[in-house]
Each structure stands twice: as C-alpha cells, then as structure tokens.
Amino acid sequence: MALEGSENIPMSRAVLALLVVSAMSTSLIDRALAQSSARGAAATAPAMRVEANLAQLMRGTLYPESNVVFAAQDQNPADVPHAKDPSMATDPLASQYGKWEAVENNALAIAEVANLLTLPGRKCSNGLDVPVTNPDWAKFVQGLREAGMTAYASAQTKNQDKMTDAADVMTTACKNCHDKYREKKPADRCK
Ligand code: HEC
C-alpha cells in the first residue's frame, strides 16, 4: 500500500506535466501535421477524380439505392429472406448485410452520393458541365443529403410508416432537381 501511495504522487505529477506539455505543443503538432499532409497531398494528387457522367452516376448509385429505401414501405425488410448465397446476393435486402441494415446503409449511401454531386469536372450525358456552382443545384443536393439522413433515421426505428414518410421526402428531393435540370429535351438537360 505504501508503495502504491508513494507512486501515486509522481504519477499524477507526470500526468500533469504531460497535459501541460501537450497543451503547449498542440499548435506545433498541428502545424507539423498540416505541413506533412500538404506535402502528402501534393505527392498523391489528384485526390478526387470524376469517372462517370451524371446519368451513369444516377443509374449506378441513386437509382438502386433509393429503390431499397422505397421498397421498405410495402415490404417489411425484416421479412425478406436471405438469398441462397447471401454474400453473392444482388438484392441488398437479401444479402449478408440485408434486411433493415440494408435500408440503413443505402440511405447513408444516398447522403454520401450528395457529396459526389458537388464535385467539379463531371459532365451531363449531353456534354454540358454539371452545374455545381448554381445556387439552386447546391440547394437540391442539400435536399438529397437530408432525405438520405431522414431515411437513415427512419430505418433505424424499423417502422414502416416512418419509411413511407421518408420515401415521400426522398421522392420530393429527386423531383425538385429533376424538374429543373432533367425533365427537358436531352440537349437542354443541366442548363
Ligand atoms: C441535384 C440534382 C439531382 C438530384 C438531387 C437527383 N437527380 Fe437524378 N438526375 C439529375 C439530372 C440533371 C439528370 C440527367 C443526367 C444526364 O442526362 O446526364 C438525372 C438523371 C437521373 C437518372 C437517369 C435517367 C435518364 O434518363 O438519364 C436517374 C435514374 C436518376 N436521375 C435518379 C435519381 C434519383 C432516384 C434521385 C433521388 C434519390 C435523383 N436522381 C436525384 C439530377 C438530379
């Protein structure tokens, strides 16, 4: 006991000293980290690359992902049986990460795709630039992000009525942007 007691004092002093030192050096460390990450970024640039046109991105991500969210209105995801080989399933609801977890993950994926919709350099299928600098584009993207997070919160409750509400929010978020930028002659999309 005596041994422990005598160790306690130097220990707490050491901890205190550590705290003081770390408080003083935080800004130094931050600066060093910022410098090395700036160097790292220069060495590994470009960090972001755009590979798909906007229609391909929609068909490959938002379309299948939102269908998983929409399906949860009519069919209880908990009742979807696993596929014969769940690890190879092409229906997320029947996969290894299926049922309500699939709804959660696809809702999150939609919110993440919102970030991809803000990247510069992407073209629409007619060759025009995706209008990422238009204020209403940013507003529609934010609507999509929020719809994704609403669907995520609803999926966490495992309540199908909540999924119906979330699906309405989602449909509106898609439609708001499509009305302005998609529902027109192909050559006029994204204008
Ligand atoms: C911020 C704007 C925006 C949002 C939000 C948006 N879209 Fe799109 N979407 C577009 C535009 C613009 C096109 C046309 C792209 C092109 O022609 O390259 C498109 C095309 C598509 C296409 C391809 C159809 C076709 O004929 O080319 C699908 C499928 C699609 N969107 C689904 C969705 C779904 C589902 C959602 C919501 C979960 C959604 N989109 C949200 C702007 C948006």
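Q: What share of the contacts with a separation of 6 or more in the protein comes from residues 24 or more positions apart?
A: In this predicted model, such residues account for 62% of those contacts. A pair counts as a contact if the C-beta atoms, placed from the backbone, lie within 7 Å.

Q: What makes the pattern of the protein α-α-α-α-α?
A: The protein has five helices and zero strands. Read along the sequence, that gives α-α-α-α-α.

Q: What share of the protein counts as buried, and what makes a residue buried?
A: A buried residue has 20 or more other C-beta atoms within 10 Å of its own. Of the 191 residues, 20% count as buried.

Q: Why is H4 called roughly antiparallel to H5?
A: The two axes cross at roughly 165° and come within 9 Å. Angles over 145 degrees count as roughly antiparallel, so H4 is roughly antiparallel to H5. The crossing is left-handed.

Q: Which residues make the contact of H4 with H5, and how do they divide by type?
A: H4 contributes Asp136, Phe140, Gly143, Leu144, Ala147, Thr150, Ala151, Ser154, Ala155 and Thr157. From H5 come Lys162, Met163, Asp165, Ala166, Val169, Met170, Ala173, Asn176, Cys177 and Lys180. They divide into 11 nonpolar, five polar and four charged. Gly counts as polar, so Gly143 of H4 belongs with the polar residues.

Q: What describes the packing of H2 and H3?
A: Two packed helices are described by the angle between their axes and the distance between the axes. For H2 and H3, residues 99–116, the angle is about 145° and the axes are 9 Å apart. H2 passes H3 in a left-handed crossing.

Q: Which residues of H2 and H3 make their contact, and how many of them are charged?
A: On H2 they are Leu57, Thr61, Leu62, Glu65, Ser66, Val68, Val69 and Ala72. On H3 they are Ala102, Val103, Asn106, Ala107, Ala109, Ile110, Val113 and Leu116. The division is 12 nonpolar, three polar and one charged.

Q: Which residues come nearest to the ligand?
A: Of the 25 residues around the ligand, Ala55, Met58, Ser125, Cys174 and Cys177 come nearest. The elements that give two or more residues to this shell are H2 (54–74), H4 (135–157) and H5 (160–181). H2 gives the largest share, seven residues.

Q: How do the residues of the shell around the ligand divide by type?
A: The shell holds 18 nonpolar, four polar and three charged residues. Cys counts as nonpolar, so Cys174 and Cys177, among the nearest residues, fall in the nonpolar group.

Methods
Residues are numbered from 1 along each chain as its sequence is written. This is a predicted model: local features need pLDDT of at least 70, side-chain atom pairs count only at pLDDT 80 or more; totals for chains, interfaces and linings use all residues. A residue is near a molecule or strand if its C-beta atom, placed from the backbone, lies within 6 Å of it. Helices (H or I, at least four residues) and strands (E, at least two) are DSSP runs, numbered from the N terminus. Axes are lines fitted to C-alpha atoms, for helices over the stretch in contact, and angles run from 0 to 180 degrees between N-to-C directions. A crossing is left-handed if the near helix is turned anticlockwise from the far one by less than a right angle, and right-handed if clockwise. Two residues are in contact if their C-beta atoms, placed from the backbone, lie within 7 Å. Angles under 35 degrees count as roughly parallel, over 145 as roughly antiparallel, 65 to 115 as roughly perpendicular and the rest as oblique. A residue is buried if 20 or more other C-beta atoms lie within 10 Å of its own, exposed if 12 or fewer, and partly exposed in between; C-beta atoms are placed from the backbone.
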